[in-house]
Amino acid sequence: MSDATLSLVIVGIAVALFIWNRLPVEVVAIGVALLLYFTGLVDSRTLFSGFGDAVIVFIASLFVVSEGLAASGVTAWVSETLARLAGRTYTRLLVTVLVLGAVASAVITVNGAAAALVPVTVAVARHAQLSPSKVLIPLAFGCSAGALLTLGGSPVNILIYEASFDNGGGGFGYFEFALVGIPLVLVTIAVAVLFGYRLLPERESATPPTQVGDGMLAVDPTEDARPQPDALGRSAPRALAVLAVMVGLLVSGVMPPAVAALLAALAMVVLRVVRTEQVYRAIPWQTIILIGALIPLSTAIKTSGAAEEVAAPIVELAADRSPYLLLGALFVLTALLGQFISNVATVLVVIPIAVAAATESGISIQATLMLVALAGAASLLTPIATPANMIVLNPGGYRFSDYWRLGIVTMLAWFAVAMAVIPLCWPLH
C-alpha cells in the first residue's frame, strides 16, 4: 500500500470514529497521530509539531481575552443590549438576536458568543411569548456566520490564515474576512426571517437554564422571564482597552497574530481582569488537543501525495471548464465532512487538498482557501457539527432532525454567497 493510500485510509478511520462519536474527539485525534507515527508516515518531530504551532498559542490566547470580557461584565452588557432591542415581534427579535450573535462572534469567538447569548435569548423569547425553539437555531447559525467577520472569529479562520501564509498567499488581514462575512450574515438573517418560523419546530426547552451569575438569567418556565445581567464591572474599561489594543495590533500587522494575542492575554492577567485559575479554565483544552494532534494528519496528507490524488479528479472536473466547478466541488466536499466531524478537523483535512487543487489548476490560493473557510463554517445540518449547534440543542428542546430543514436553505444561500462574492474579492486568476 502506498503512503498516499495509507494516509487516506487513516483519514477514513478518523472520520468514521468522529461520526461514531463513542470516543472523545481528543482521544481519536491523539490515536490518529500515533497511528501516523507507527505506520511511518510522520517522524517524531512532525508528530509533536502541532503542539508547538503558533496557531495553538493564538487560539488559547483569544479564549483568555474572551474570558476577560466575560469576567468584566462586557459579555453581560451585550446580552442586556439584546434584551432591550429585541422587542416582542418575531422578525425584530430574530434580526436583533442574529446581528448581536454575529458581532459577538467576531469579538469573542463563535462558541463564546453562543454560550453567552443562549440564556438571554431564551428569556427574551419567552417575554415575547415565543417558543425559544423558533429562535435558538437561527442564533447558532448567526454566530457561525459572524465568525467570518474577523480573523479571530473562529479557530478555522486562523488555520486558513496560516495555510495561506505557508503557501505563498501572504495571509489575510484581520478584517479581510468581512468581505465575505458581511454578505454571509445578511443572507443568514434574510433566510431566518423568511423561513425560520415555518421550518423550525415549536417545542419546550428540554433543560431550561436555571443558573444565575454574571451575564446569565434566572429562567423559570412558569413565569414571565426577564433579563437580569449585572452592570459593567470596574475592570470593564481595562478589558475593552486590552481588546482595542489587540485588534489594533492585529489590523496593523506590526507583529505576528499569535504574539499580539499572547500579549493581550498576558495583559488581562497583569491588569487583574482575570485570575490565573480563570485562565486555565478559559482555555478550551479539547480544541487545543484536537488541533495539535490533527496537524500531523494534515501534514501527512500533503507529504504523502494523498492531497494530489484527491485533488486530481476535482482538477479534472474543472479542466477546460469554469473554475467555479472546482470551487463548487471543494465546497461540497468540505461542507459534507463538516456535518459529522469538527469543522476544525474538516478544515485540517481539506486544506492540503484545496491547496493542491488550486496549484494544479492555476486558481488563486487566496480564493480557494477563503472558500474552504466559508464551507468549513457551513456546518448547519446536525447538532454535532459545531459546539454552537450543540449549545442550543437542549435549551431549544431540539431533536437531531430539526437542524437540516432551515440548515439546508441556509447552506444553499451560503453557497450562493461563496460563488458570487469570493471570485469578486479574490480574483480566481
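Predicted model: local features only at pLDDT ≥ 70, side-chain atom pairs only at ≥ 80, totals over all residues.
## Helix 8 and its cover

Helix 8 is mostly covered, with eleven of its eleven residues buried.

Helix 7 spans residues 110-127 and holds Ala115. Ala115 is partly exposed, because its relative accessibility is 40%, between the limits of 20% for buried and 50% for exposed. In sequence, Ala115 and Ala388 are 273 residues apart. In space, their C-alpha atoms are 7.5 Å apart.

The loop between helix 7 and helix 8 contains Gln129. Gln129 is not a glycine, yet its phi is positive, near 60°. Its relative accessible area is 73%, so Gln129 counts as exposed.

## Helix 12: one buried face

Helix 12 covers residues 257-270, 14 residues in total. From first C-alpha to last, helix 12 reaches 20 Å, close to the 20 Å expected at 1.5 Å a residue. Which residues of helix 12 are buried? They are Pro257, Ala258, Ala260, Ala261, Ala264, Ala265 and Met268. Seen down the helix axis, these buried residues fall within an arc of 165°, so they line one face of helix 12. Leu266 and Val270 lie on the other side and are exposed.

What do the buried residues of helix 12 pack against? Their partners are helix 4 (54-71), helix 9 (155-166) and helix 11 (236-252).

## Arg272, after helix 12

Arg272 follows helix 12. It sits in the loop between helix 12 and helix 13 (276-282). Arg272 has a positive phi of about 60°, although it is not a glycine. Is Arg272 buried or exposed? Its relative accessibility is 72%, so Arg272 counts as exposed.

## The largest nonpolar core

In soluble globular proteins, nonpolar side chains tend to be buried together. Here the largest nonpolar core has 158 residues. The residues with the most contacts inside this core are Ile160, Val180, Leu297, Phe331, Leu374 and Ile422. Helix 17 (residues 343-361) gives the core its largest share, 13 residues.

Take Leu297 from that group. Beyond its neighbours within four places in sequence, Leu297 is in contact with Ile10, Val11, Val32, Leu36 and Val349.

## The second largest pocket

The second largest pocket holds about 420 Å³ of space. Its lining has 19 residues. Nearest its centre lie Ala163, Asp166, Ser298, Lys302 and Ile351.

Which elements give two or more residues to the lining of this pocket? They are helix 9, helix 14 (285-303) and helix 17. Helix 17 provides the largest share of the lining, six residues.

Leu290 is in helix 14. Its relative accessibility is 6%, so Leu290 counts as buried; the cut-off is under 20%. Not counting residues up to four places away in sequence, Leu290 touches Phe18, Val25, Ala29, Ser342 and Val344.

Ala335 is in helix 16 (residues 323-338). At 4% relative accessibility, Ala335 is also buried. Leaving aside neighbours within four places in sequence, Ala335 is in contact with Ala375 and Met411.

How far apart in space are Leu290 and Ala335? Their C-alpha atoms are 19 Å apart, and 45 residues separate them in sequence. From Ala335 to Pro395 the C-alpha separation is 26 Å. Along the chain, Ala335 and Pro395 are 60 residues apart.

Technical notes:
Residues numbered from 1 in each chain as written. Heavy atoms only, no water. Helix = DSSP H or I, 4+ residues; strand = E, 2+ residues; numbered from the N terminus. Expected span 1.5 Å × (residues − 1). Buried < 20%, exposed > 50% of the residue type's maximum accessible area, 1.4 Å probe, protein only. Arc of directions from axis to C-beta. Contact = heavy atoms within 4.5 Å. Core = buried A, V, L, I, M, F, W, Y, C linked by side-chain atoms within 4.5 Å. 1 Å grid on protein atoms, 1.4 Å probe; cavity = no way out; pocket = protein on both sides within 12 Å on 5 of 7 lines; lining within 4 Å. Points joined across faces, edges and corners; volume = space filled by probe spheres on them.
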